[in-house]
Amino acid sequence: MADKEMRAVYNDTLVRLAANDKRIMVVEADLMKASGTMGFKAAYPERGIDVGVAEANMVGISAGLSAGGKIPFAATFGCFAARRVYDQFFISANYARLNVKLTGTDPGVTAAYNGGTHMPFEDIGLMRQIPGLSILEPSDPVSLEKLVEASAAHYGCTYMRLHRKPMPSLYSADEKFSLGKGKVLKDGKDVTIIALGAVMVNEALKAAKKLEDEHISAAVIDILSVKPLDRDLVLAYAAKTGRIVTAENHRIAGGLGGAVAELCSTERPTHMAMIGVNDEFGEVGTQEWLMERFKLTAEDIKRQAIKLIK
């Protein structure tokens, strides 16, 4: 599954699951081509619904389908999934204790040329305020497939950030995943890098290699879930290394860094640094330029890790 387009994995997994579970449906707001779910619509035309450019209605319809016993997977750009439909998702889906699976595509700098209006740096911060909601971000094609499976099997609303483009596989096909559990990709003793999502997990692994050249042993955790946060894993590595760098393709305020800091400050005070976007809007540019612009690169992670150690 190496370098497979992530949105293709999303579609193919839903098509496969839907073959054995007639409750699974796809609901979109004029973005099936962008989300990669045209294949689902072709395979199950009666279970693929396009509501047009009406994202709030998409969530309302999904809530109604869930109330009727269906398992709707609703997807749109992350900016719309977070900001535009927040009230409908909060009240109609979550407050009603329903089973809507909301997917926000092109998170953070991966929105690239769509620019600041379409560049969600705040979606995790908003979603963390919804009681009981699971917030996920797969890091590769394997974790994406397994987390879609886990989401479908779990009763309750989920919000998943989906990087659409091809990404290399970090895991073998037989790796097991659970909602709310992270994975240790590399062990280490001097500092722990806790990263979220396809973009930043790969940067964290590059940073760990750079740190090895400086004779610094860095552990890398692919956290996979901001909520629930893998408390046991975070606290274990806070105790082991005494230093944590969080890395996220999101604004620092309200995101992964805040979640880890809230946990460690009360359970295991730990020296921390946070890689993420500061109090800024997004911009237009290539993903590579934007990562440099907002200081989300492996070099930035390495620099912060060395600062903590010194």
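Me: What makes α8 largely enclosed by the rest of the structure?

Reply: This is a predicted model. A residue is called buried when its relative accessible area is under 20%. Eleven of the 13 residues of α8 are buried, so the helix is largely enclosed by the rest of the structure. The buried residues include Pro141, Val142 and Ser143 towards one end of the list, and Ala150, Ser151 and Ala152 towards the other. Glu145 and Lys146 are also among the buried residues.

Me: How do you know that the span of helix α8 agrees with its number of residues?

Reply: Helix α8 covers residues 141-153, and at 1.5 Å a residue its 13 residues should span 18 Å. The end C-alpha atoms are 19 Å apart, which agrees.

Me: Why is Tyr113 called exposed?

Reply: The cut-off for exposed is over 50% relative accessible area. Tyr113 has 60%, so the residue is exposed. Tyr113 lies in the loop between β5 and α7.

Me: Which residues does Tyr113 touch, not counting residues up to four places away in sequence?

Reply: Tyr113 touches Val284, Gly285 and Thr286. Tyr113 and Val284 are 171 residues apart along the chain, yet their C-alpha atoms are separated by 4.9 Å.

Me: What makes β3 and β12 edge strands?

Reply: The open sheet has seven strands in the order β3-β2-β4-β5-β7-β6-β12, with mixed pairing. Strands β3 (48-50) and β12 (225-227) each pair on one side only, and they are the edge strands. From one strand to the next, the twist averages 20 degrees.

Me: Where does helix α4 pack, and what is its angle with β4?

Reply: Helix α4 (residues 55-67) packs on the sheet and touches β2, β3, β4 and β5. The direction of α4 makes about 170 degrees with that of β4. Strand β4 itself pairs with β5 in the parallel sense over five bridges. Ala74 stands opposite Leu102 in β5.

Technical notes:
Residues are numbered from 1 along each chain as its sequence is written. This is a predicted model: local features need pLDDT of at least 70, side-chain atom pairs count only at pLDDT 80 or more; totals for chains, interfaces and linings use all residues. Side-chain values use heavy atoms; hydrogens and water are left out. Helices (H or I, at least four residues) and strands (E, at least two) are DSSP runs, numbered from the N terminus. The expected span of a helix is 1.5 Å times one less than its number of residues. Buried means under 20% relative accessible area, exposed over 50%, partly exposed in between (1.4 Å probe, protein chains only). Two strands pair if DSSP finds at least two bridges between them. Axes are lines fitted to C-alpha atoms, for helices over the stretch in contact, and angles run from 0 to 180 degrees between N-to-C directions. Contact means heavy atoms within 4.5 Å.
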